[in-house]
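The exercises below concern one protein chain. Work each task from the structure before reading its solution.

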Amino acid sequence: MFHPIEGGHAGHEDFFGGYAGQISGVMNMVERLGGYMVESNSGHIGDDIDPRAGDDPTLYGHRASIESARFSRFIAAQIYGREPDYGYVWGGSGGGRRSPLCLEYGPDVYDGALPYMGGGNIDKHGTTARVRSDQPIGFGCMFNVQRLLGDKLAGVIDAMQPGGGNPYDGLDAHQREELASLYRLGYPRGDEFMISQPMGQMWLWTSIADMLQKEDADYFQSFWAKPGYVGHDHPEHVADHLINATGTVSRIVTAKEFRDSPDFAGPEFANAKPFVILLASLMGHLDLPIGIEVKGIPQGYRLGTGVRMLSGAAKDRQLYCLNHGGDFFFCEGQGEANLKRFMDVRVGDEVRIDNRAFLAFCYYYRHHISGDSLYDFLRVDGKPLFPQHGVPLQSPLMGVPYSGQYEGKLMWVHHTHDASLWPPQGLFYKQAVEQAQGPVAAARKFRLRWTENAEHVPPAVTAVATQAITKNYYGTDTLHRYMSGCSGGGRMATESITRHPDDFDGVLLGAAGGRSSATMMAFIHNAQQMNREPGAWLSPQKLQMLEQKVTAQCDGLDGAKDDIIADHRACSFDFDALRCPAGDQPGCLTEPELKSVKAVLAGPHGPQGQITLGYPMANISFWSDYLGHVPPPWSDEPTMENMPKTSTGYVIGSSMAKVLFGPDFNVLTDFDFNDQQHIDRWWREVDKIGYGKPNSADLRGLQKSGGKVLMWNGVSDPCCSDVELEGYYREAGEIAGGMDKLQEFAKFYRVPGLGHCVGGVGPQDAVDQFLDAMIGWVEHGTAPGALVAHRGDARLELIFANPGSGKLEVAQVAPSPGEPRDFLLCPYPQVAVFDKAAASEDKRAVFDARNWQCHTS
């Protein structure tokens, strides 16, 4: 049994089975895992409490969901002959807030829980209290920074990116203090862009604004009337943004009209449209009136402003501005306002636009501090700096505080760059489990995992969400979806086609390698070899010499003398013949150098055999990128300034080892490839963090979905071997039912002369040609065959370049040495073979793709 819990405040009966379910991909996942799905509305409809149950947070937080799941087990027994063996509950955001409660209070229903991006305070098991509103308090500060900084926020965003500067440059004293306060409250550095685009955070304000003003009325009055509050003491900080005016409705806009009408095609509506339409679609239809036009309102600060109907059939309905554009206000609200929005509103109805409550909320964090150490900056000698009001409570729809007491297993996933549930929220449940069950039980039953550089939703959900939003935005059912990645991006593409095969129609998968943790071991092995003894390092000059020698011997194996080894596996070379007779000379190898060459070619070995492949003999000069352009000793500091002075492979491998074994681990001295215990320990540690396991070659999900994948790898890639990707492709064929079946939806190409993703002496536009072929395959049903790629500006065909300039505007094409030429790229198992007859007529014939043919090797 699989039980997903809806995010936000929940309240929808077909969230995962309907339109929004496209975003989560839950139904496809449940089918793939061989279970059934149960869904609950969490005990209420829409963003409103059930009038029969009242403000009971236990009902909305877990009881309704648990009883729905328990009943589903009974139904399953009638259908399948027995109850499910296991039950799992999970959810993100609001679902992450409530899914642990289901495990805590439903031990006979669930065996495991997977909350992601949850949060909340801790209390004793069995509490009926509402959860404390710590995180939403911080949103007020986030809104304030956006409001106060305005266009200056772009400078902060730039400064907080790698290589940036001081985020406070150009800010006045009050702007600096509010930005600093935001960081002190735990806002994730590096995610400042989301300050400029408040979405889920602004929705939460529209949902809780009425409740806060009712339960904390004294604060909203005091803010403007008493000393100690910005509204009273420093009105200049809010004066320019204040709005309190009445107007007349001149137009009502439905979600469908907002999406389709050319009146809303302007840039002023670009930010508002996707999120507003998405929220409207959750209500089940796009005919919902979600906005009104009110002319003559002072500009002020419109986000979050109150919009109250003063006359007509919707008189006294209170909404809040979720987004705006021109004279239009697109709104949300709580209870009836959430369900009806601007139903029953007519042109000519009076409305009040008042943002005083929102401006007061921008400083709310100063006056509602809890005992958490995050708020210590607002205390001196333990006493608050500002007048205090009680810490507010969240809506009863968010459930009760955590207890940390449960049976079964729970894995908590939190994102390091989540602008909606900041990183400190990821630690609360760990504390709850340790307090309730002790560290020994916590180690057995609880795990905390961090997703680095991730916003509020994971990439797979982001992909599906943007696709669903785009379809609604353009009002079309046709959307062709593509993904492209190389190296780490290639591994992500592999994860996508195996774990989420329905996300994309076409995927370009480049140089993914095999087991990436084994690649790290190769980096370490080679670094050890370069530091093995004096003279062991292979200089760029010696590697260039080796390339010339090897190329001279193996160049013509494909029938063409073109200074390119098309298949390094067919090349055999006696490196012993290059042993220096005496001393070190430019055209030979010393004994230490010869030993290093053989070690790098062989790859790392342990007592149980080869761990991973060695480097290819094609374009041996490329090895320098990973063996170092300067001799050791090297620093393993992972900075851009250090990279030209060290070995890239050494830095990457050392950084990985420090993650596994601690900051003092030295890969040059502390890892012994001759000790199987060292190797076994490496595998155990990488398995613990879930890194670098072999990529799954089961592409049957992609086969079933109708998606396509085009795999490619540089023949001269020292990092991620083309032989590894070929092995992956062959394994995929065995699983798919044979190579013929695989080639119906998957192709594999080797690219001669290409290094790791880019660079080398091969074609410069290969990926461009692959993407063009993929589009033809997906959109027109033309399966890729032999493709022609190019080297040199005179021959490049940048299909996706700017028609005016003929150049790519957002990407650089690495220069490729050598004369301009074509390359014939053949789908595996075919290889490109040169027509030798053409060479007798023209020595430059090798540069023309028409003189090459694809033959099965």
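The model is predicted.

**Exercise 1. Find which residues Glu83 touches, not counting residues up to four places away in sequence, and place Glu83 in the chain.**

Solution. Not counting residues up to four places away in sequence, Glu83 touches Arg73 and Ala77. Next, locate Glu83: it is in the loop between helix H3 (57–80) and strand E2 (88–92). Then classify Glu83. Its relative accessibility is 41%, so Glu83 counts as partly exposed, since that class runs between 20% and 50%. Last, take a distance: Glu83 and Ala265 are 182 residues apart in sequence, and their C-alpha atoms are 53 Å apart in space.

**Exercise 2. Describe how helix H18 and helix H22 pack: give the angle and the distance between their axes.**

Solution. Helix H18 covers residues 516–530 and helix H22 covers residues 648–661. They pack at an angle of about 120 degrees, with their axes 8 Å apart. That angle makes H18 oblique to H22, because the roughly perpendicular range ends at 115 degrees and roughly antiparallel requires over 145. The crossing of H18 past H22 is left-handed. From H18, the contact is made by Met520, Phe523, Ile524 and Ala527. From H22, Gly649, Tyr650, Ile652, Gly653, Met656 and Ala657 take part. Sorted by class, the contact of H18 with H22 has eight nonpolar, two polar and no charged residues.

**Exercise 3. State where Gly535 lies and whether it is buried, partly exposed or exposed.**

Solution. Gly535 lies in the loop between H18 and helix H19 (540–554). Its relative accessibility is 46%, so Gly535 counts as partly exposed. Not counting residues up to four places away in sequence, Gly535 touches Thr590, Pro592 and Glu593.

**Exercise 4. In the largest nonpolar core, which residues touch the most other members?**

Solution. The largest nonpolar core has 67 residues, and within it Trp205 and Phe258 touch the most other members. Now take Trp205 and leave aside its neighbours within four places in sequence: Trp205 is in contact with Phe143, Leu212, Gly304, Tyr320, Ala357, Phe358 and Phe361. Apart from this core lies another, of 50 residues, including Met530, Phe575, Tyr626 and Ile679. As background, nonpolar side chains tend to be buried together in soluble globular proteins.

**Exercise 5. Examine the backbone at Pro633, Pro829, Ala10 and Cys757, giving omega or phi.**

- Pro632 and Pro633 are joined by a cis peptide bond, with omega about 10 degrees. Pro633 is in the loop between helix H21 (624–627) and H22.
- Tyr828 and Pro829 are joined by a cis peptide bond, with omega about 10 degrees. Pro829 is in the loop between strand E21 (821–825) and strand E22 (830–834).
- Ala10 has a positive phi, near 65 degrees. Ala10 lies in the loop between strand E1 (2–5) and helix H1 (21–24), and it is buried at a relative accessible area of 5%.
- Cys757 has a positive phi of about 75 degrees although it is not a glycine. Cys757 is in the loop between strand E19 (746–751) and helix H27 (766–780). With 17% relative accessibility, Cys757 counts as buried, because the cut-off is under 20%.

Conventions: Residues are numbered from 1 along each chain as its sequence is written. This is a predicted model: local features need pLDDT of at least 70, side-chain atom pairs count only at pLDDT 80 or more; totals for chains, interfaces and linings use all residues. Side-chain values use heavy atoms; hydrogens and water are left out. A nonpolar core is a set of buried Ala, Val, Leu, Ile, Met, Phe, Trp, Tyr and Cys residues joined through side-chain atoms within 4.5 Å. Buried means under 20% relative accessible area, exposed over 50%, partly exposed in between (1.4 Å probe, protein chains only). Contact means heavy atoms within 4.5 Å. Axes are lines fitted to C-alpha atoms, for helices over the stretch in contact, and angles run from 0 to 180 degrees between N-to-C directions. Helices (H or I, at least four residues) and strands (E, at least two) are DSSP runs, numbered from the N terminus. Angles under 35 degrees count as roughly parallel, over 145 as roughly antiparallel, 65 to 115 as roughly perpendicular and the rest as oblique. A crossing is left-handed if the near helix is turned anticlockwise from the far one by less than a right angle, and right-handed if clockwise. Ala, Val, Leu, Ile, Met, Phe, Trp, Tyr, Cys and Pro count as nonpolar, Asp, Glu, Lys and Arg as charged, and the others, Gly among them, as polar.
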